[in-house]
Amino acid sequence: AEFEYATRAGTQTTYWWGNFSPGTRQVANVADESARTILPAHITGYDDGAVTTAPVGSYEANPFGLFDMTGNVAEWVSDWYDGLYYRKSPELNPTGPSSGEYRSTRGGGWNGVLYTSRPAVRTGGTPTERNTKFGFRCAQDRPR
């Protein structure tokens with residue numbers, strides 16, 4: 001829930017920049033024109049300039065000033081993964097299941113089309129899985 005909140009950055013749209021493709025704005029590293037030679041599905045008309053991963057901070061920050069919340073690498077979050085969890089979760093600040101086989105990843109990656117990189121999308125992976133499509137972010141609560 002915290003990752004989705006941070007990614008949306010106070011907006012009510014599908015993505016923090018709006019409901020559709022970003023056009024020419026450089027907002028996310030996803031499967032696009034620059035990756036069309038290595039990926040079968042891509043976003044037509046969008047070119048983020050990176051075939052695979054890009055250096056941190058290569059794209060616009062969201063309204064909260066956070067970089068790379070959409071695309072580049074899917075980020076491991078602390079929640080365990082359950083594909084049906086939100087059907088039975090608390091509406092306010094769901095923390096995820098207490099255990100499981102897979103951990104959740106959020107934010108999509110350089111190899112995913114925009115739809116799979118939406119703030120609401122989460123996927124699961126085994127906690128020992130390592131590749132160029134997953135990463136993590138160090139974060140802390142704001143001092144009170």
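These exercises walk through the fold of one predicted protein model.

**Exercise 1.** Which elements does the protein contain, and how do they run from the N terminus on?

*Solution.* Start with the count. The protein has two helices and four strands. Now put them in sequence. From the N terminus on, the elements run α-β-α-β-β-β.

**Exercise 2.** Work out how the four strands form a sheet, and which strands stand at its edges.

*Solution.* Take the order. The strands lie as 3-2-1-4 in an open sheet, with mixed pairing. Strand 3 (122-125) and strand 4 (134-135) each have a single partner strand, so they stand at the edges and one side of each lacks a neighbour in the sheet. Next, look at one pair. Strand 1 (residues 74-80) joins strand 2 (residues 103-106) over three bridges, in the antiparallel sense. Within this region, Glu75 stands opposite Arg106 in strand 2.

**Exercise 3.** Why does the radius of gyration of the protein agree with a compact globule?

*Solution.* Begin with the rule. For 144 residues, a compact globule would have a radius near 15 Å; the protein has 15 Å, so the two agree. Then take the box. Along the principal axes, the C-alpha atoms fill roughly 40 × 35 × 30 Å. Turn to the contacts. Of those between residues at least 6 apart in sequence, 57% join residues at least 24 apart.

**Exercise 4.** Describe burial, surface and charge in the protein.

*Solution.* Burial comes first. Buried residues, those under 20% relative accessible area, make up 40% of the 144 residues. The accessible surface is about 8700 Å², and carbon and sulfur atoms hold 54% of that surface. Finally, count charges. There are 14 positive and 15 negative side chains, and the centres of the two sets lie 4 Å apart.

Note on methods: Residues numbered from 1 in each chain as written. Predicted model: local features only at pLDDT ≥ 70, side-chain atom pairs only at ≥ 80, totals over all residues. Heavy atoms only, no water. Rg over C-alpha atoms; globule rule 2.2 N^0.38 Å. Buried < 20%, exposed > 50% of the residue type's maximum accessible area, 1.4 Å probe, protein only. Contact = heavy atoms within 4.5 Å. Areas by Shrake-Rupley, 256 points an atom, 1.4 Å probe, with all protein chains shown as cover. Lys, Arg positive; Asp, Glu negative; His and termini not counted. Charge placed at Lys NZ, Arg CZ, Asp CG, Glu CD. Pairing = 2+ DSSP bridges.
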